[in-house]
Amino acid sequence: MAPTLTLKPNTAWDDAWRRCLALAPEAFQDDGVHNLWNGRWQADGHALPATTPVDGSPIAGPPRLDADTAHRAVRAALDQHREWRHTALPERRARVVAALDALTEHRDLLALLLVWEIGKPWRLARADVDRAIDGVRWYAEEIERMVRGRAPLPGPVSNIASWNYPMSVLAHAMLVQALAGNAVIAKTPTDGGLACLTLASALAVREGVPITLLSGSGGELSEALVRSPEIGCVSFVGGRDTGARVATAVADLGKRHILEQEGLNAWGIWNFTDWDGLAPRIRKTFDYAKQRCTAYPRFVVQRSSFDAFLSVYLPAVRSVRVGHPLAVEHPSDPFPELDFGPLINAAKAKELNDQVAEAIDRGAVPLHRGDLADGHFLPGQDLSAYAAPVTLLNPPSTSPLHHAEPFGPVDTIVLVDTEAELLAAMNASNGALVATLSCDDPATYDRLAPQIRAFKTGHGVPRSRGDRDELFGGFGASWRGAFVGGELLVRAVTEGPEAERLPGNFPDYHLMPD
């Protein structure tokens, strides 16, 4: 009989919220948060109800602004930018480093907020916070050479990012943009991360970092955050549909932009025999339920190796642990070691389950279907946002699972017989951020890898965004605008020599970094 679990002491949402109220009363009040603009926390906007994906209980919802207020906030951010861009680099660096020190002091609270708001297991929540802090510290050490001969943009950088990495993607980018001499505007993600970003911003603005943090619907705020003439650059992380609308707007205006969009990242298996080495990598692909832009939801497998592949794949997927990120058997127990917790909300879990059912109805073969009854949960807790791992063979071409990133714990497997079929299946989504090809012969890899339309391709190992000086971008429809990572992130948000061509995917050119 499975042991009865309980919530780890001092980790409830109410515990985290009380700590936020005590630490940053200017930003948190009663059961809601404020917007941050014109250098002050503003008690404006209309707060919407919200629930945590962890157990469906209420948490703070975003105080949504209207378009007129957003335009006023952007104009105020331009005033901040005009002052900040003339602040000497040593002072900018000192303020950003002081903000990092404050984030470090409160890293566990930031991580706990991520657990409740977006359902990350404790290990991954802590990693999200630490990657943000460590990454920006590296830039603080390297920034002098990166901005030499360059100047801040004419206006602030506007950030619109998805909910899955509030710290290591969004907060990281905001602090680097400020370090480079820009005031920063960010829209809080609609689906989660509000309290975490609010606390991080409160700690940063106390040190004099010029941040504007706004909540609202994308449709309501896009005119201000994308099209406003005051904006110097738009940085977007999200889906292709929204990204295409943003891309159209910035192209019409000739505005600097960084648009990271999704792609179906594929892992190919061709003339491969190192099955023992592959097994542990398969389980790791399920981290955070594959809710990240560099997840691998598609395996393209040589038909003659399918039996050997399944012999390592199925035990790996069956070992995946799902559950409540804060549930323990004894109060003194460490946080549970889980591969993932809930999806971002119940609607996403239902959508994914419906897509799986429809794909099977149209001919996909279910190879594995996990059961939440085997999960790590509190007695009687709400499970509506959870989904167990699923693996489908040959999803039909009419299914979204065939050509789009599921953003959930669903793997699809496609069998191929020729190298041409392998490449076609790995390039099914017209561009990807990452890919992996497992094959024994290095020469075969060297010949096939350049034909895979992904910005990064690994030889038998997964690729990721990377940290510090590792570059990042995408091919095809997975990326528009300037590439980032290392020095390229700073170049993307600063001005260099006249007629400079930044590496990236632009309407009139594609340029890979040297």
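I'm working with a predicted model.

**Helix H4**

I started with H4, which runs over residues 107-118. I wanted to see if its length makes sense. At 1.5 Å a residue, its 12 residues should span 16 Å, and the end C-alpha atoms are 16 Å apart, so the two agree.

Next I checked how covered H4 is. I found 10 of its 12 residues buried, so I wrote it down as mostly covered, where buried means under 20% relative accessible area. Among the buried ones are Leu109, Leu110, Trp116 and Glu117.

**Helix H7**

I did the length check again for H7, residues 194-205. Its 12 residues should span 16 Å at 1.5 Å each, and I get 16 Å between the end C-alpha atoms, which agrees.

Here 11 of the 12 residues are buried, so H7 is largely enclosed by the rest of the structure. The buried stretch includes Leu194, Cys196, Thr198 and Ala204.

**The second largest pocket**

I looked up the second largest pocket, which holds about 410 Å³ of space. I have 29 residues down for its lining, and Ala50, Thr51, Thr190, Asp191 and Gly192 lie nearest the centre. Sorted by class, the lining of this pocket gives 12 nonpolar, 12 polar and 5 charged residues.

**The cavities**

How many cavities of 30 Å³ or more does the structure hold? I noted 2.

The largest cavity comes to about 370 Å³. Its lining has 28 residues, with Val169, His172, Arg465, Val484 and Leu489 closest to the centre. Which helix or strand gives the most to this lining? That's H6, with 6 residues. Helix H5 and strands E11, E14 and E15 are also on my list, each supplying at least two. By class I wrote down 13 nonpolar, 9 polar and 6 charged for the largest cavity.

The second largest cavity is about 70 Å³. H6 turns up here too, and both H6 and H7 supply at least two lining residues each. The lining includes Met167, Ala171, Leu197, Ala200 and Ser201. I sorted this lining into 9 nonpolar residues, 1 polar and no charged.

One link I liked: Leu197, Ala200, Ser201 and Ala204 are among the buried residues of H7, and those four also line the second largest cavity.

Notes:
Residues numbered from 1 in each chain as written. Predicted model: local features only at pLDDT ≥ 70, side-chain atom pairs only at ≥ 80, totals over all residues. Heavy atoms only, no water. Helix = DSSP H or I, 4+ residues; strand = E, 2+ residues; numbered from the N terminus. Expected span 1.5 Å × (residues − 1). Buried < 20%, exposed > 50% of the residue type's maximum accessible area, 1.4 Å probe, protein only. 1 Å grid on protein atoms, 1.4 Å probe; cavity = no way out; pocket = protein on both sides within 12 Å on 5 of 7 lines; lining within 4 Å. Points joined across faces, edges and corners; volume = space filled by probe spheres on them. Nonpolar A, V, L, I, M, F, W, Y, C, P; charged D, E, K, R; others polar.
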